[in-house]
Amino acid sequence: MSFRLRIALLATTSVLMTSPVTASTLQTDPTETVAAQQAAVDPAPLLEPWTGPYDGVPPWDRITADMFPAAFEAAMANARTEFAAIRDNPAAPTFENTIEAQERSGAQLGRLFSAWGVYQSNLATPEVQAIAREWSPKLSAFFTELSLDPEMFARVKAVYDNREQANLTPQQMRLLERTYRDYVTSGALLNAEQKAEISRINQELAGLYADFSQKVLADEETAIFLESQDDLAGLPESFAASLKAEAVERGQPDQWAVKNTRSSMQPFLMYSTRRDLREQVWRAYVDRGDNGGANDTNQTIAQILALRQERAELLGFENHAYYRMDDTMAETPAAATELMMAVWPAAVARVREEVDDMQALADQEGADIVIEPWDYRFYAEKVRKAKYDLDESEVKPYLQLDNIVDAAFYSAGRLYDISFEENTGSIPVFHPDVRTFEVTDNKSGETIGVFYLDNFARSGKRSGAWATSYRSRSGLRGEDIVLASNNNNFTEGAEGEPTLISLDDATTLFHEFGHALHSFLSDVHYPGLAGTPRDFVEYPSQVNENWLLTRDVLDRYARHYQTRAPMPQELVDKIEASSTFNQGFDTVEYLASAIVDMKLHDRSEPVTDVDAFERETLAEIGMPVEIVMRHRLPQFNHLFSSDSYSAGYYSYLWSETMDADTWAAFEATGNVWDPATAQRFRDTLLSTGNETDRKAAYRAFRGRDPDVQALFRRRGFPTGE
């Protein structure tokens with residue numbers, strides 16, 4: 001099967017361990033029940049080729065969680081058979097019978113893990129969590145076994161060594177070179193004893209990633225209960241209603257529950273006039289995973305760091321950062337650090353200005369306080385109102401969820417000439433909340449995809465927002481119709497009422513939709529050249545955010561949910577005038593996390609005292625005391641629920657640098673919908689996957705490397721121009 005698919009699936013088994021876990025999950029272990037049922041379960045719906053319209057769709061209506069163990073066993077056996085047929089081919093190794101043959105294989109595993117990812121992220125239950133705990137190390141061992149097979153590597157190496165005489169196309173050469181490098185960086189050149197160590201390390205890490213995720217999520221399932229109306233002071237009515245609903249779900253109908261998640265913490269800190277409760281909610285949130293009890297993650301992190309360094313050294317890398325950045329645009333920790341530290345001083349300086357403004361307002365009100373971290377969001381809103389006469393409550397009535405979805409579709413149509421037609425009910429979905437849409441290329445009239453949209457928060461669904469693809473386009477495999485999804489966690493409106501979202505939520509929707517567009521517009525031949533480097537992944541989605549606040553979109557779709565009137569120009573002007581407001585806070589809380597991540601992994605001596613390292617590093621870089629990291633280390637799922645973003649959290653900034661520069665290209669035409677620029681963006685960057693070097697692709701689009709000054713201008717920082 002495809003080597004790159006193996007790597008992707010290995011990551012998936014860990015990344016998707018960030019699904020919600022309830023307290024009862026940690027107290028009961030349904031593994032025995034699962035094992036007892038496994039023999040009687042037919043896993044066929046997870047293994048058979050998909051049928052139905054659109055060249056086949058996932059049979060969600062036939063899949064149940066108890067099918068997965070038997071499906072894993074059967075799919076691994078089938079994958080070994082496919083693998084052996086390629087490895088043991090008596091013919092001399094060629095690109096076609098080795099590299100291309102791997103690219104054609106693995107379809108069954110791909111279908112299985114598409115479904116498993118959804119169950120882990122969107123449909124988590126105690127049963128699913130038990131399966132994950134049992135199978136994460138097993139799957140890790142399986143994928144490591146294949147990636148370290150000496151006979152398969154011998155075939156790959158033979159093709160690689162003969163590459164200059166093989167008359168390969170540029171795409172074939174790139175695929176071959178990347179495949180060879182992936183084998184090497186997985187340990188294919190190691191001796192048998194070293195390979196055994198790599199397998200051990202990978203299995204131990206898989207278990208630790210699961211352990212970390214479940215500890216953090218157990219803390220996130222806790223809540224602070226409010227007992228009286230006085231505790232709701234300052235909270236918007238709609239938000240208070242969501243706290244009441246949470247309390248009812250927890251069996252406390254006479255109270256209100258602030259769940260220990262960002263979606264509850266952030267608005268509470270923004271609006272609550274009860275400073276004592278703001279501090280309580282803030283401390284609970286920032287101390288997730290760092291409470292010294294059963295869910296404390298510090299020792300888990302220390303074990304992960306030690307194993308990562310051990311693995312990096314075995315594989316010939318100086319440390320984990322060099323290992324993870326071997327296939328990135330930045331290439332080295334130094335390059336990523338240089339960008340981060342170029343932005344850091346300006347961001348910190350802006351925080352000083354923001355704190356001064358807030359402190360002055362608090363003094364003017366006679367609050368008799370010094371601004372603390374639990375005050376920042378609250379007083380920032382007051383300053384925003386004072387400076388720009390803008391209150392989020394003014395904006396929200398114009399942002400009805402269904403309209404913003406339509407706005408995203410409209411933008412895609414105008415830029416890329418594709419359309420979305422709802423077909424909910426015509427194909428199976430994994431939850432009644434999910435809507436589906438047929439995606440059409442308007443020029444050819446051909447169906448190019450199906451879009452699955454899962455917008456609402458619910459029990460058993462992981463927090464945050466993310467995009468996935470169940471099937472990608474591949475010329476080699478003849479797969480033309482992409483199946484992609486967006487997953488959000490918006491709070492659904494009361495029965496009979498529309499769902500209104502914040503401007504931040506609307507931006508998130510456009511961001512995730514940018515990931516989906518990247519999938520729908522990708523048009524590569526080899527599956528192994530579909531995935532892009534980690535520090536490119538967020539780039540298309542960040543670019544897509546820019547069209548949300550264009551006048552055309554606002555006039556058509558930002559209409560008052562009661563009067564249907566478009567958003568007034570006066571309100572649009574306020575939003576635009578405040579576009580750089582609070583950028584110090586936004587930049588510092590993110591960038592502190594990225595810098596600490598890099599410093600944690602760009603060292604040969606693993607950190608053992610995680611809390612002390614975090615404190616000392618923040619002091620070293622001059623972290624403002626009024627802000628905490630967006631993700632403190634004890635709860636940093638990006639880093640410790642898998643390898644995924646480890647030594648890679650900088651990638652959001654790297655992508656945003658390209659994004660800001662790309663938007664400047666659209667603006668320079670005098671028309672942000674400029675068809676020629678949109679077509680060049682699509683042809684050069686969106687459709688090409690990783691068929692060419694992404695740095696070279698960006699230069700082909702822009703005529704040069706990205707200009708970091710565009711990022712400074714966007715955030716309102718001094719540019720020195």
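This passage walks through the overall build of the protein and then through a few of its helices, residues and loops.

The model is predicted: local features are reported only at a pLDDT of at least 70, side-chain atom pairs count only at pLDDT 80 or more, and totals for chains, interfaces and linings use all residues. Residues are numbered from 1 along each chain as its sequence is written, and side-chain values use heavy atoms, with hydrogens and water left out.

The protein has 31 helices and seven strands, where helices (H or I, at least four residues) and strands (E, at least two) are DSSP runs numbered from the N terminus. Its radius of gyration is 25 Å, close to the 27 Å that the globule rule gives for 721 residues, so the protein is as compact as a globular protein of that length. Here the radius is taken over C-alpha atoms, and the globule rule is 2.2 Å times the number of residues to the power 0.38. The C-alpha trace spans about 85 × 60 × 50 Å along the principal axes. Of the 721 residues, 58% are buried; buried means under 20% relative accessible area, exposed over 50%, and partly exposed in between (1.4 Å probe, protein chains only). The accessible surface comes to about 28100 Å², and carbon and sulfur atoms hold 48% of that area, as computed by the Shrake-Rupley method with a 1.4 Å probe. Among contacts (heavy atoms within 4.5 Å) with a separation of 6 or more, 76% join residues 24 or more positions apart.

Two packed helices are described by the angle between their axes and the distance between the axes. Helix α17 (residues 333–364) packs against helix α25 (residues 583–601) at an angle of about 145°, and the two axes are 8 Å apart. Axes are lines fitted to C-alpha atoms, for helices over the stretch in contact, and angles run from 0 to 180 degrees between N-to-C directions. The residues that meet include M340, W344 and V348 in α17, and F585, L591 and I595 in α25. By class, the residues of this contact comprise 16 nonpolar, four polar and two charged; Ala, Val, Leu, Ile, Met, Phe, Trp, Tyr, Cys and Pro count as nonpolar, Asp, Glu, Lys and Arg as charged, and the others, Gly among them, as polar.

Helix α22 (residues 534–544) is mostly covered, with nine of its eleven residues buried. Among the buried ones are F536, Y539 and V543, and the buried residues of α22 pack against α21, α28 (651–668), α29 (675–686) and α30 (694–702). In helix α21 (residues 503–521) sits L521, which counts as buried at 3% relative accessibility. Leaving aside residues up to four places away in sequence, L521 touches Y416, I418, R473, R682, L686 and S687. R473 is 48 residues from L521 along the chain, and their C-alpha atoms are separated by 8.8 Å. Helix α29 holds T684, a residue that counts as buried at 18% relative accessibility.

Most residues other than glycine have a negative phi. D389, although not a glycine, has a positive phi of about 55°; D389 lies in the loop between α18 (376–388) and α19 (392–395) and is partly exposed at 40% relative accessibility. R564 has a positive phi near 70°. R564 is found in the loop between α23 (551–557) and α24 (569–577), and its relative accessible area of 40% makes R564 partly exposed.
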